[in-house]
Amino acid sequence: MQRRVLWSKGILLLIVFILFACTKGKPEIIVKGATLIPSPKMKGVASAFMFIVNEGDGSDKLIGCAIKEYPSVRGELHDMIKGKMTRVLEISVPPKETVALKAGGLHLMFFGVPDSLPKEVTVLLRFEKSGTVEVKTQVGTL
Ligand SMILES: [Cu+2]
């Protein structure tokens, strides 16, 4: 009896291990075409748009953002839900997929941005698994 229980526990552990092995691929994040656009209407506010590419086999999540040169700037993740800008706490980046952050959709939003900015800043993207990714970001206009 005791032996049979141990045996079935062993089988269960093996199944769990196999399932884990099949899903443990790593994400590989690459960011393209990043731009930071200061708001023409709201002082100290800027949005950022970019393509987040996950070339790896595992999923990841964007969970935060900041601007390296301006640590006091507050960064948020936003989405447009039913035409209304809404703060979200994470943005999923599935394996082998590209997530577009663009005007009218998912985007980053920064508050407390200085009036005059250099031509390029470093946006810091914080991912659940990949950690912090530094992104050279062009400062532009819409
Ligand atoms: Cu926004």
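Buried means under 20% relative accessible area, exposed over 50%, and partly exposed in between, with a 1.4 Å probe and protein chains only. I looked up the burial of two residues under that rule: His107 and Met109 are both buried.

Notes on the model. I am working on a predicted model, where local features need pLDDT of at least 70, side-chain atom pairs count only at pLDDT 80 or more, and totals for chains, interfaces and linings use all residues. Residues are numbered from 1 along each chain as its sequence is written, and side-chain values use heavy atoms, with hydrogens and water left out.

Entry: copper site. I listed the donors, taken as N, O and S atoms within 2.8 Å of the metal (3.2 Å for Na, K and Ca); water is not among the atoms, so sites may look incomplete. The copper ion is held by ND1 of His78, SD of Met85, NE2 of His107 and SD of Met109, at 2.1 to 2.2 Å. Along the sequence I read the donor spacing as H-x6-M-x21-H-x1-M. I then checked the geometry: the angles among the 4 donor atoms run from 95 to 116°, and the site is tetrahedral. The rule I used calls four donors tetrahedral if all angles lie between 85 and 135 degrees. For reference, the ideal angle for four tetrahedral donors is 109.5 degrees.

Entry: His107. I placed His107 in strand 8, where strands (E, at least two residues) are DSSP runs numbered from the N terminus. His107 has a relative accessible area of 4%. Its side chain reaches the backbone oxygen of Gly105 at 2.9 Å. For contacts I used heavy atoms within 4.5 Å.

Entry: nonpolar core. I took a nonpolar core as a set of buried Ala, Val, Leu, Ile, Met, Phe, Trp, Tyr and Cys residues joined through side-chain atoms within 4.5 Å. The largest one has 26 residues, and Met50, Ile52, Leu62, Leu108, Phe110, Leu125 and Phe127 touch the most other members. Elements that give two or more residues to this core include strand 1 (29-38), strand 2 (45-54), strand 3 (60-67), strand 8 (107-111) and strand 9 (120-127). I followed up Leu125: leaving out residues up to four places away in sequence, its contacts include Val31, Met50, Ile52, Leu62, Cys65 and Leu108.

Entry: salt bridges. I searched for a side-chain nitrogen of Lys or Arg within 4 Å of a carboxyl oxygen of Asp or Glu. How many salt bridges does the whole structure hold? The search finds 6.

Asp115 pairs with Lys43, with the closest N and O atoms 2.7 Å apart. The two sit 72 residues apart, Asp115 in the loop between strand 8 and strand 9 and Lys43 in the loop between strand 1 and strand 2. Both Asp115 and Lys43 are exposed.

Lys61 and Glu90 form another salt bridge, at 3.5 Å from N to O. Lys61 is in strand 3 and Glu90 in the loop between strand 5 (84-88) and strand 6, so this pair ties together parts 29 residues apart in sequence. Lys61 is partly exposed at 25% relative accessibility, and Glu90 is partly exposed at 40%.

Arg74 and Glu76 meet at 3.1 Å, N to O. Arg74 is partly exposed with a relative accessible area of 46%, whereas Glu76 is buried at 10%. Salt bridges with shared partners join Arg74, Glu76 and Arg87 into one network.

Entry: Thr122. I found Thr122 in strand 9. Is Thr122 buried or exposed? Thr122 is buried because its relative accessible area is 3%. Its side chain makes a polar contact with the side chain of Lys136 at 3.2 Å. A polar contact is a pair of N or O atoms within 3.5 Å; within protein, one must be able to donate a hydrogen and the other to accept it, and residues adjacent in sequence count only if both atoms are side-chain atoms. Apart from neighbours within four places in sequence, Thr122 is in contact with Ala66, Ile67, Lys68, Glu69, Glu134, Val135 and Lys136.

Entry: Pro95. I placed Pro95 in the loop between strand 6 (91-93) and strand 7 (97-101). Pro95 is partly exposed, at 29% relative accessible area. Beyond four places in sequence, Pro95 touches Asn54, Gly56, Asp57, Gly58 and Ser59.

Definitions and conventions. Tetrahedral: all angles 85-135°; square planar, octahedral: opposite > 155°, others 65-115°. Helix = DSSP H or I, 4+ residues; strand = E, 2+ residues; numbered from the N terminus.
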